[in-house]
4 protein chains.
Amino acid sequence: MLPAMTTDARSRRNYLPDERPPVDLAGIVRLRDFEAPARERIHPAAWAYYAGGGYDEHVLADTLAAWDAFRLRPRVLTGVTGIDATTTILGRPASLPIGIAPAALHGLAHREGELATARAATAAGAIHVVSTVASHTIEDVAAAAPGGRRWFQLYVQRERAVTRALVERAAAAGYEALCLTVDLPVLGYRDEVLRLHFDPGADAYANLPRRDVWRPDADLDEMVDMRSVELTWNDLDEIRSWAPIPLVLKGILTAEDARLAVEHGADAVWVSNHGGRQLDRVAAGIDVLEGIVDAVEGRAEVYLDGGIRRAPEILPAPALGARAVFTARPFLWALACAGEAGVTHGFGILREELERGLALMGTPTPASLTRGHVTRVRGA
Amino acid sequence: MLPAMTTDARSRRNYLPDERPPVDLAGIVRLRDFEAPARERIHPAAWAYYAGGGYDEHVLADTLAAWDAFRLRPRVLTGVTGIDATTTILGRPASLPIGIAPAALHGLAHREGELATARAATAAGAIHVVSTVASHTIEDVAAAAPGGRRWFQLYVQRERAVTRALVERAAAAGYEALCLTVDLPVLGYRDEVLRLHFDPGADAYANLPRRDVWRPDADLDEMVDMRSVELTWNDLDEIRSWAPIPLVLKGILTAEDARLAVEHGADAVWVSNHGGRQLDRVAAGIDVLEGIVDAVEGRAEVYLDGGIRRAPEILPAPALGARAVFTARPFLWALACAGEAGVTHGFGILREELERGLALMGTPTPASLTRGHVTRVRGA
Amino acid sequence: MLPAMTTDARSRRNYLPDERPPVDLAGIVRLRDFEAPARERIHPAAWAYYAGGGYDEHVLADTLAAWDAFRLRPRVLTGVTGIDATTTILGRPASLPIGIAPAALHGLAHREGELATARAATAAGAIHVVSTVASHTIEDVAAAAPGGRRWFQLYVQRERAVTRALVERAAAAGYEALCLTVDLPVLGYRDEVLRLHFDPGADAYANLPRRDVWRPDADLDEMVDMRSVELTWNDLDEIRSWAPIPLVLKGILTAEDARLAVEHGADAVWVSNHGGRQLDRVAAGIDVLEGIVDAVEGRAEVYLDGGIRRAPEILPAPALGARAVFTARPFLWALACAGEAGVTHGFGILREELERGLALMGTPTPASLTRGHVTRVRGA
Amino acid sequence: MLPAMTTDARSRRNYLPDERPPVDLAGIVRLRDFEAPARERIHPAAWAYYAGGGYDEHVLADTLAAWDAFRLRPRVLTGVTGIDATTTILGRPASLPIGIAPAALHGLAHREGELATARAATAAGAIHVVSTVASHTIEDVAAAAPGGRRWFQLYVQRERAVTRALVERAAAAGYEALCLTVDLPVLGYRDEVLRLHFDPGADAYANLPRRDVWRPDADLDEMVDMRSVELTWNDLDEIRSWAPIPLVLKGILTAEDARLAVEHGADAVWVSNHGGRQLDRVAAGIDVLEGIVDAVEGRAEVYLDGGIRRAPEILPAPALGARAVFTARPFLWALACAGEAGVTHGFGILREELERGLALMGTPTPASLTRGHVTRVRGA
């Protein structure tokens, strides 16, 4: 049982964002510029939920700092005409090697929530990974932006039937891959969620059964209702049997588990520490990426998230063998600032930063980056 | 002779805590949350005594920072149902691999002192190590919480007979092990103790003869009256002859001494820098743990203290071979905040953090953690 | 397309420095002393342009901090009479192993711009590298200080004929080497330039055709009009055919490219990260200098820029094999503070610091410094 | 020629300390406690001169931080009765392995200057190294405290006869060793000295000819009049011929020079970076001590200064092979605070800290410390 929580946050349930006019995008030249105005628009409880990490948040900070150990090695006079940031992910083209990582409850950032996110991602030609705990239904998100590349992030639910229904709905709605989160057997210990007795309301989770979780002695699992502690490698076959779409395992931090993922038929291994929100004092993804790529030996695609804000943090990933990178919080900030237009502006910045970065590296495409284009100056 | 001290602290002798109502525990979600309200309740001289370290306190800070060199390596999809934080210490079960390290004068934190601590530890099923310089007698602490697991921490006194009496009383009162502090041949040089001419009163130490130590030119040893500079490995046999209970040697920081401890029959080696209160610029325990475990080769149990505040600092210890960890200051803070209920709440937090941490590691028990579950990112 | 910019900076076009009286040089004892008063004199947009770096400016900070990894190893009792800081660069004597690195638009620092810089450099006997994007014409700079050692920094322009004309004019005006910038296939992503929609005016660049770049959706390349993305190693022969003067390649950060430079006939390799203004998260020059010197194997001269402010940052460079070092921003500060007299004063300080430093190293000349005179305390 | 200096400091020549009553020593429990009250008593120009370092003062800070790379390895249960901090230096007993390093112009700290310092050092049984640029004559210092261990620090003067006279006077006055500073061929570049146009007055240096150095364009050497740039190893024989006392070479930072020192007959090698006051970006003494001890191979004694403030910084030195350590600034602070009594109090603190530290290390004497008692956690 977790410590009992104060109840004064109760009156603020639903945590909806305020209704200010959108931010003037002309002044936003990097994703981080979205952060401060987003914070003004998002309810403090929702901000704490989005921004917070597990335990003392060491890994939250480390993940942003981990890139300082890497140095890009730009090559000159390579004649990089025809810069092209497109890539291929799971066998299909993507306009960028950057996608939107799954995050709960986009509706706390903007009233249009995942609908706006989906429209912007589709317009940008980027992959949008929609969370099990989205504010909008699987079907509504798909309908909002037909033709976009869209994956469904799956939290296995306590009842197998509920889980199966989610998977079947996603496949039916055209989600092209299942992104199974494997690093949340239980929720991480999150101080701010506990302090605020986080409860976005009984109807907050559009894809899950209605429930009113609040009790004075509710623990984290009851508050957030995510728990898949019984899940094992052997369950993957059953999950895969529910829908004929690729399976991505998200939340792997060791070469051992990457090898197991491949052996159990995963189509992709997503290196992630879950935004620093689960166990503390684990590695930043970039610090273990190379070892995982080596373990996978090309038998599956490898993705990376964690701390990516600008092109100089994107470039090392393909150089070290990642097919794509994902990030979530910056897009939530962009969404809070200006809805769909904000996310679109964010993709515009990333594309400009990345194309410019590829030119500066002397490499026309993400695929032309090799291990020789990056070095590490401190041990991992 | 130490520098003469100012005498204005004299009027504040006894240093009793103030009598505010207990802290509302609903707002306490981590042990560190106890610190600030505890500081408001504890007399400044007592706070300085509890919080301070030896010399310039480099090791005090280093011990908290040492964990930053370690990274946990969580494994996924292991199906960790049946999370169980219990362990076995000195051949008997303990509900947690975390105990209360010895600390002087719990009466400076709360008027019920070690009596309250003992009741909370017993309720939690955790080991409570009672200090020679407790505020309550060996017997009263035992009587306050019958059935609890309780060890007696021994400071060898200048007179052998006094020491022997302490050991015999502890064994008679059911203390199940003797925890001999070996890193205090003399007291560390402590600026704050000197500045305040620390003197808690002639009757402060319930288990020791009454004395009035204060003189204008008293040195640290006279003020605190702990000194065992003559003690050698050869004295262990005599100490052991006084009581037929296991012997734990607390305060070992080198593999050489760990080997000697085993050769001289110690049942356990307690890796510790004495809360950073003795010699400065020594190692943090966690930095030398692995080497000591290797030196011990399973011939004795190994414990660790130093800087442990949350589960992510507990988990590396069993992974590297420690049977249990201990911490003291956080429990003093909890005691100051709400007496027995505070310490009980502290144990509740640690249990929740730890069980959640075990699940996140993919390991059902402390014993299932191995060296492969932790790595170090900087040299020791 | 970059994000659209605010237009409020438009009214401040031309960004000329204010007209305060010159700084009293008696209080300036190190180059960094020029920085604060320069900032008061330079237009904020120009300051942002001079001071800023690429992306998040990690490498801007790292380049200043990189020297902390090196330790000088001074030798004693060597009898260093006859300290002599002169050296030979490209076969001709220079009074100092320190020159003025190319920087755009000295006219933003002082109304006399490169004319003042040239006079001071010539008086000091130091090499002055004049930028393609200078505020004064190639010919006027040469005429301002006849007899000085002067190189022309070349940005290849989109039209080959424009580029060729620049090279021919420089050679005709007596510039003794061509310093081809190879790390600017496109401009780095510079937040401050974008925020201010930097535009110094249609006539700002004295050596380039008049143009009015400003459009609300101009991108960085249009704003600053530098782009040589098609340039390859094979173009060097053509460039060299335009003028019979040595060719220096500026902006090399890898041993691979240094080797290619030598193979393509470069007379010198200039190790540089372009003042941290191009790609972020690349190396500081000093961190890769030794590897590049090894790759060059004496077949070309090697120069270094980046973070050099004082003699202790100059001394490692010749010790590790660099023939000369260059720095730009400190001279812009000096120019802003007191025009020609400021730059002259700056050279006086550097000479005094360096001669004193040579004496303290026990080495009479830059050439007598060897690898044994420096060591590195952390990995690169 | 150095930059011209402002002249407003002229009116404050002589820089004498103010006449406040002495500090109450009861509140001083560590040497650093002297610093703040000393600063209130010392003239700002004198404080800048004492406290400052060469160039950007990186090494000044590094020397204090260098100890953070070392960890003491205390041994337990060694029965360290009979703690004894005495040692033997140059064949004669010293009550402590800590002496007073040479520093200029103690008269700027206290009107009794070196006379007070000498009395306190003699009372403490510690070695006092008196500077060439003392405020009192060689003979007066000797007369102030007969029987003390006293060395003479020699700055070779431009005129050989002046130098010889100094050596002969020191030997005649009973100074038992000559401590030749070898790291000052010229003065380091010191910003604060230049800013203030430091000039303590024509009569400030009691052992040197009267002179009035001030000119508006005086350079550092003229201001401070120390320069021995012509000195070589071959001059040592002549210096030694002037007085039949041991020769200590102070200011060595490389194993190569330590070997040369031994080969040229030095009785001791003093590892020092001159308080960070000469060349910047050199090593802290402790970082090169072990290599120098290895190079010396026991053929001479080795001493260390730099950053020593407390016992945990003293203990590594004998463990790594240094016979003694020295420190200067803390004694100047003590002198400024309370004259002779202050310095005496400082020695009392150091003795208490050190004896307590030896007990905590499990070693009765400095000589019983071995390399196994210290380890380094980061590379040098």
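User: Which residue of chain B forms a salt bridge with Arg71(D), and how far apart are the closest N and O atoms?

Analyst: This is a predicted model, in which local features need pLDDT of at least 70 and side-chain atom pairs count only at pLDDT 80 or more, while totals for chains, interfaces and linings use all residues. Residues are numbered from 1 along each chain as its sequence is written, chains are lettered from A and ligands numbered from 1 in the order in which they are written, and side-chain values use heavy atoms, with hydrogens and water left out. A salt bridge here is a side-chain nitrogen of Lys or Arg within 4 Å of a carboxyl oxygen of Asp or Glu. By that rule Arg71(D) pairs with Asp62(B), the closest N and O atoms being 3.5 Å apart.

User: How many salt bridges are counted between chain B and chain D, and which element gives the largest share of the side of chain B that touches chain D?

Analyst: The count between these two chains is eleven salt bridges. Helices (H or I, at least four residues) and strands (E, at least two) are DSSP runs numbered from the N terminus, and the elements of chain B that give two or more residues to the side touching chain D are α3 (58-65), α7 (191-196), α8 (220-224), β8 (247-252) and α10 (255-263). The largest share of that side, four residues, comes from α10(B).

User: What area is buried between chain B and chain D, and which residues of chain B lose the most area to chain D?

Analyst: With contact taken as heavy atoms within 4.5 Å, 46 residues from chain B and 37 residues from chain D take part. Buried area is the accessible area (1.4 Å probe) that two parts lose on being put together, summed over both, and between chain B and chain D that area is about 3,400 Å², of which carbon and sulfur atoms give 57%. In chain B, the residues that lose the most area to chain D, together 22% of what that side buries, are Tyr55(B), Leu279(B) and Arg281(B).

User: Where does the largest share of the side of chain B that touches chain A come from?

Analyst: Here 39 residues of chain B are in contact with 46 residues of chain A, and the area buried between them is about 3,400 Å², with carbon and sulfur atoms giving 58%. Leu77(B), Arg356(B) and Leu360(B) supply 23% of the area that chain B buries against chain A, more than any other three residues. There are eleven salt bridges between chain B and chain A, one of them joining Asp62(A) and Arg71(B) with the closest N and O atoms 3.5 Å apart. At least two residues of this side come from each of β1 (70-72), α12 (311-314) and α14 (329-361) of chain B, and the largest share, nine residues, comes from α14(B).

User: How far apart are the nearest C-alpha atoms of chain B and chain C?

Analyst: No contact joins chain A and chain D, whose closest C-alpha atoms lie 12 Å apart. Chain B and chain C do not touch either, and their nearest C-alpha atoms are separated by 12 Å.

User: Why is α4(D) described as largely enclosed, and which elements do its buried residues pack against?

Analyst: The expected span of a helix is 1.5 Å times one less than its number of residues, so the twelve residues of α4 (residues 113-124) of chain D should span 16 Å, which agrees with the 17 Å between its end C-alpha atoms. Nine of the twelve residues of α4(D) are buried, so the helix is largely enclosed by the rest of the structure; among them are Leu115(D), Thr117(D) and Ala121(D). The buried residues of α4(D) pack against these elements of chain D: β4 (98-100), β5 (128-130), α5 (138-144), β6 (150-154) and α14 (329-361).

Methods
Buried means under 20% relative accessible area, exposed over 50%, partly exposed in between (1.4 Å probe, protein chains only).
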